[in-house]
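Work through these exercises with the model open beside you. Try each task before you read its solution.

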Amino acid sequence: MATDSNRFQAIISHCKEYGFIFPSSEIYDGLSAVYDYGQWGTELKRNIRDHWWRSMTQFHENIVGIDAAIFMHPTTWKASGHVDNFSDPMIDNKDSKKRYRVDHLLEAHADELEKQGDAAGAKAVIARMDELLAASDYDGLKKLIETLDIKCAISGTNNWTDVRQFNLMFSTQLGSVSEEANEIYLRPETAQGIFVNFLNVQKTGRMKIPFGIAQVGKAFRNEIVARQFIFRMREFEQMEMQFFIRPGTQKEWYEFWKEERMKWHRSLGIPAEKFKFHDHVKLAHYADAACDIEYEFPIGFKEVEGIHSRTDFDLRNHQEYSKKKMTYHDPELNQSYIPYVIETSIGLDRTVMMLLSEAYTEEDLSTADKKDSRSVLKFPAALAPIKLAVLPLTKKDGLPEIGKDIMNTCKGYFKCFYEEKDTIGKRYRRMDAIGTPFCVTVDHQTKDDGTVTIRYRDSMEQERIAISEIKNAVESKLKLTY
Ligand code: GAP
């Protein structure tokens, strides 16, 4: 059984063993902080993405979605402030030459204090760090690291450089002839694709403020401390929504979206106490208020989603740099203005990790005569990679043919999986391990009365139902209410 401290490692191993997530280019020993999704991880991720997309663009009549390119004109990133400001305070260890993000180094130290039972000490470190970060006091941060005698994990020394800022954007060349090539960036957030298309969407969609534009897509950051599995990657996916509002109404819309997004997280069947808000002390260069929704991962409470009141910072800067008007004419006020924006920005990969952390369960099923256990992923049925497994008890006597008929009836409605190999017990365990909520077994009684055994993943209870009821029985459990 995994204890709390090794639960995280158990989840990582489970993901690899059962086709959810693999280290990227593993045959070449992998690439740091880059991961590939396997067959079941891809289905899980797609289901979460679809649920978010529907929640935004179908449940909210005033939100539409777009799909902008990853490459954008380089001036975009000058205007957005990313060229000048998208950096983190870093510190290098002079002996190992290893570079660390200052906040991560201090947070790890605070975690260590907490583990040793010094919760007050841990709190004091974080409070002091927040103060120094808010004041951009880099000398103070270095002094704090030295005072706490924090050492590099590799060299074991506390021989630190000064704290410096390090830009997180990846750049590449556009064009084949190097003298003519332009430096462009891989987008570090999807949001700018929305801002530069704000008027295209507003005009062609005849959108009236307040309205939102949603987008899902890849983002890239040259993270320095890239560890903790898919929590912090160099290539990852964001699901972002920019909500355009009248200036002066940002406080109420900020509160609205905080509640709305928390409601969404709870709709995933995760208990309320596993979430908390964390208000930002040091605001990003574009924000006048910001908070995170944190989930309690096996590695502690960590950010899954950010909610930011971005003022008119982005649209105003794009107007200035592009010399194109970014104003909206409000017919009710008969006034033109640059809208303010509330942003909700959630990491798709972190949401995958949250659902895996919540779902992963090890159960001891031992009886007096026999030792037994199972690993099961208790996903909400709607998000599970496979909804229904069809398992003929044997490979003969016409049972596979009945199983194939069930597959043909159901596979147009939800993801089904057919398997005849191995004992039924082993097949159930494999389906538990990838989180399949329903298995139906075709046996000899099926030939007599047209019924199958349906087995429920979480309770492991079984009952007989008619073949004709299977599709509705499964489909009725696939709704996620929001
Ligand atoms: N447009 C605003 C923005 O990008 P952010 O807080 O930097 O804000 C939003 O990122 C979300 O993207 C985070 O809450 C997190 O879930 C996800 N995210 C950020 N960096 C990530 C990384 N390196 N790996 C995985 N997910 C990341």
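## Exercise 1: A serine in a loop

S80 sits in the loop between α3 (75-79) and α4 (82-85). The model is a predicted one.

**Task.** Decide whether S80 is buried or exposed. Then find how far apart the C-alpha atoms of S80 and S322 are.

**Solution.** 
1. Take the relative accessible area of S80, which is 0%.
2. Apply the cut-off: buried means under 20%. S80 is therefore buried.
3. Now go to S322, 242 residues away from S80 along the chain. The C-alpha atoms of the two are separated by 12 Å.

## Exercise 2: The whole chain

**Task.** Describe the protein chain by its secondary structure, its box and its buried share.

**Solution.** 
1. Count the elements: there are 16 helices and 23 strands.
2. Box the C-alpha atoms along the principal axes. The box is roughly 75 × 65 × 50 Å.
3. Check burial. Of the 482 residues, 50% count as buried.

## Exercise 3: Salt bridges

**Task.** How many salt bridges does the structure hold? Which parts of the chain do R261 and E305 link? Which strands hold E343 and R310?

**Solution.** 
1. The total is 37 salt bridges. Side chains of opposite charge can pair when their charged atoms come close.
2. Start with R101 and D103. Their side chains meet in a salt bridge of 2.8 Å, N to O. Both R101 and D103 are buried.
3. Move to R261 and E305, whose salt bridge is 2.7 Å, N to O. This pair links distant parts of the chain: R261 belongs to helix α10 (residues 250-266) and E305 to strand β13 (residues 300-311), 44 residues apart.
4. Check the burial of that pair. R261 has 1% relative accessibility, so it counts as buried. E305 has a relative accessible area of 0% and is buried too.
5. Next, E343 and R310. Their closest N and O atoms are 2.8 Å apart. E343 is in strand β16 (residues 340-347) and R310 is in strand β13, so the bridge ties together parts 33 residues apart in sequence.
6. E343 is buried at 1% relative accessible area. R310 is buried at 0%.
7. Finish with a network. Salt bridges with shared partners join E363, R374, K378, D432 and R455.

## Exercise 4: Helix α14 and its end

**Task.** Which residues of helix α14 are buried, and which residue follows α14?

**Solution.** 
1. Helix α14 covers residues 424-434. Its buried residues include R427, Y428, M431, D432, A433 and I434.
2. D432 is also a member of the salt-bridge network above.
3. G435 follows α14, with a positive phi near 85°.

## Exercise 5: Backbone exceptions

**Task.** Where does a cis peptide bond occur? What is the phi of S136, and what is the phi of D422?

**Solution.** 
1. Most residues other than glycine have a negative phi, and most peptide bonds are trans.
2. The cis bond joins I209 and P210, with omega about 5°. P210 is in the loop between α9 (198-204) and β9 (211-220).
3. S136 is not a glycine, yet its phi is positive, about 50°. S136 is in the loop between α6 (119-134) and α7 (138-147). Its relative accessible area is 32%, so S136 is partly exposed.
4. D422 is not a glycine either, and its phi is positive, about 80°. The loop between β20 (416-418) and α14 holds D422. At 33% relative accessible area, D422 is partly exposed.

## Exercise 6: Cores and a surface patch

**Task.** Which residues touch the most other members of the largest nonpolar core? Which residues form a negative surface patch?

**Solution.** 
1. The largest nonpolar core has 62 residues. F20, I21, W52 and L356 touch the most other members.
2. Helix α12 (residues 348-359) gives the most to this core, with seven residues.
3. Another core lies apart from it and has 20 residues, among them I406, Y418, V452 and V474.
4. E107, D111, E114 and D118 form a negative patch.
5. D111 has 39% relative accessibility, so it counts as partly exposed.

Terms used: Residues numbered from 1 in each chain as written. Predicted model: local features only at pLDDT ≥ 70, side-chain atom pairs only at ≥ 80, totals over all residues. Heavy atoms only, no water. Salt bridge = Lys/Arg side-chain N within 4 Å of Asp/Glu carboxyl O. Buried < 20%, exposed > 50% of the residue type's maximum accessible area, 1.4 Å probe, protein only. Helix = DSSP H or I, 4+ residues; strand = E, 2+ residues; numbered from the N terminus. Patch = residues over 30% accessible without salt bridge, like charges linked within 9 Å, V, L, I, M, F, W, Y side chains within 5 Å. Areas by Shrake-Rupley, 256 points an atom, 1.4 Å probe, with all protein chains shown as cover. Lys, Arg positive; Asp, Glu negative; His and termini not counted. Charge placed at Lys NZ, Arg CZ, Asp CG, Glu CD. Core = buried A, V, L, I, M, F, W, Y, C linked by side-chain atoms within 4.5 Å.
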